[in-house]
Amino acid sequence: MNIGVLNSGGDSPGLNAVIEGVVGAASRRGWNVVGFYDGFEGLLSEEGDERFEWLTPAACRGLRAKGGTILGTVNKGNFAIKVGVDQKGAIEPAVLEKTKATVRRLGLDALIVVGGDGSQSTALLLSEIGLPVVGVPKTIDNDLGATDVTFGFYSAVSIVSESLDRLETTANAHQRMMVVEVMGRHAGWIALEGGIAGSADVILLPEIPFSLENVVECIKARKAAGQREILVVVSEGARLADELVLLDEKTQGEVRLGGIGKVIAKKLEEATGIETRSCVLGHIQRGGSPCSYDRILGTRFGSYAVELVEKRQFSCMVALRGTQMTAVPIEEAVKTLKLVDPDCQLVCTARDLGVCFGD
C-alpha cells in the first residue's frame with residue numbers, strides 16, 4: 001500500500017513525532033509513505049514540479065525529538081476553508097480535481113491529515129469527494145472536543161510555566177507586576193494549566209467573563225499582604241468589556257487575536273500604581289523540541305492512524321480517550337470546540353489555590 005501524509009495549519013511541537021510514527025508503522029507492514037510539502041498545497045504537485053518525497057524509516061529516525069516539521073506547513077492557500085467558528089468556505093472544483101489527479105498518479109491508498117479543526121474540516125471535504133482520509137488531531141490550543149488531549153498542548157504549557165518561573169524572579173526583584181499573554185484563541189486551556197503550573201495570581205480566560213475592578217481588588221489585597229511580585233496570565237481570546245482585542249481584521253478568514261496583554265497591563269498599572277510590564281509569549285509556545293509527553297503522544301497518533309488505514313476505517317480521526325487510542329468520525333471531531341468549563345475541577349483547584357479569575 002501507498003500512504004500519503006501531510007500536516008496543515010499552525011505548527012505544533014510533535015508534528016515530526018507523528019510523521020515518524022506513520023513511517024515506522026507503515027514500514028513494518030511493508031507499505032510506502034509519501035510526505036507532502038507545505039500542507040494540502042503539496043497535493044497540487046505536477047510532473048516536473050513535485051512537492052513531496054518518499055519517506056523511509058532511516059530518514060525519519062529520531063524525528064520525534066525535533067521541533068517544527070520536515071514537511072513544512074501552511075494555514076492559508078487553496079485549501080483554507082475554515083473561515084471562523086461554525087463557518088466554512090469551499091474549495092475550487094479545479095483544485096479538487098488536481099488533488100484527485102495527484103492521488104491517482106501516486107497510487108495512494110490513503111491520506112493521513114495532521115491538523116486542527118480547520119485542517120480536519122478540509123479533510124472532511126476531501127473525504128466527501130471520495131478520498132480515503134484519516135485525521136490526526138493537532139493543535140496547541142487543545143480545543144478539539146473529540147480527543148482528551150492534542151499533541152503540542154503540554155509543550156506549550158511547559159513553555160508558559162517556565163516563562164512564569166523566570167518572570168517571577170525579575171518581578172520580585174523590582175516589585176513589579178508581569179502580565180503574560182498566551183495563545184489559545186477561543187479556548188483558555190493554555191492559560192489555565194500554564195498559569196496554575198507557573199503560580200499565577202490572576203488567570204483571565206475567554207470562558208470566564210471578568211471585570212478589571214475585581215482583578216484590581218485581588219492585586220491590591222496581595223500587595224497589602226506583603227507580596228512583592230504579581231503574575232497575571234491572560235489568554236489572547238479573553239474579552240475585555242465583552243470585546244476581542246485584534247491585531248488585524250483577519251487573515252484569510254480567521255481574525256488574528258493578540259494585544260490584550262498590553263492593554264490590560266496599562267489599565268492595571270493605572271489602577272494600582274504598580275510598575276507593570278507586559279510579555280507576549282507568542283510563537284515561542286509553538287517552537288522548539290516537544291516535551292516527552294508530546295513525543296510519545298504524537299508517535300502513538302501516527303502509529304494508530306496507520307492501523308485505521310489497515311482496517312480501512314476512513315473518514316475518521318484518531319483520538320485519545322483516557323489512556324486508549326480510538327477513532328471518531330471527522331464530522332464529530334470538528335462539530336464543536338472544547339472550551340474550559342468555568343465549574344470544572346481544574347478551575348476549582350485554581351480557586352482553592354487563591355487564583356483570581358476576575359469574576
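I began with strand 12 (residues 316-321) and strand 13 (residues 324-329), which pair in the antiparallel sense over six bridges. Strands are DSSP runs of E, at least two residues long, and helices are runs of H or I of at least four, numbered from the N terminus. Two strands pair if DSSP finds at least two bridges between them. I noted that alanine 319 has threonine 326 of strand 13 as its bridge partner. Two residues lie between the strands of this hairpin, and glycine 322 takes a positive phi near 70 degrees there.

This is a predicted model, where local features need pLDDT of at least 70 and side-chain atom pairs pLDDT 80 or more, while totals for chains, interfaces and linings use all residues. Residues are numbered from 1 along each chain as its sequence is written, and side-chain values use heavy atoms, without hydrogens and water.

Next I looked up salt bridges (a side-chain nitrogen of Lys or Arg within 4 Å of a carboxyl oxygen of Asp or Glu). The count is 11. Arginine 29 and glutamate 310 form one at 3.1 Å, N to O. Arginine 29 lies in the loop between helix 1 and strand 2 and glutamate 310 in helix 9, so the pair ties together parts 281 residues apart in sequence.

I also found glutamate 275 in a salt bridge with arginine 176, with the closest N and O atoms 3.3 Å apart. Arginine 176 is buried at 15% relative accessible area, whereas glutamate 275 is partly exposed at 33%. Buried means under 20%, exposed over 50%, and partly exposed in between (1.4 Å probe, protein chains only). Arg176, Glu275 and Arg277 are linked in a network of salt bridges.
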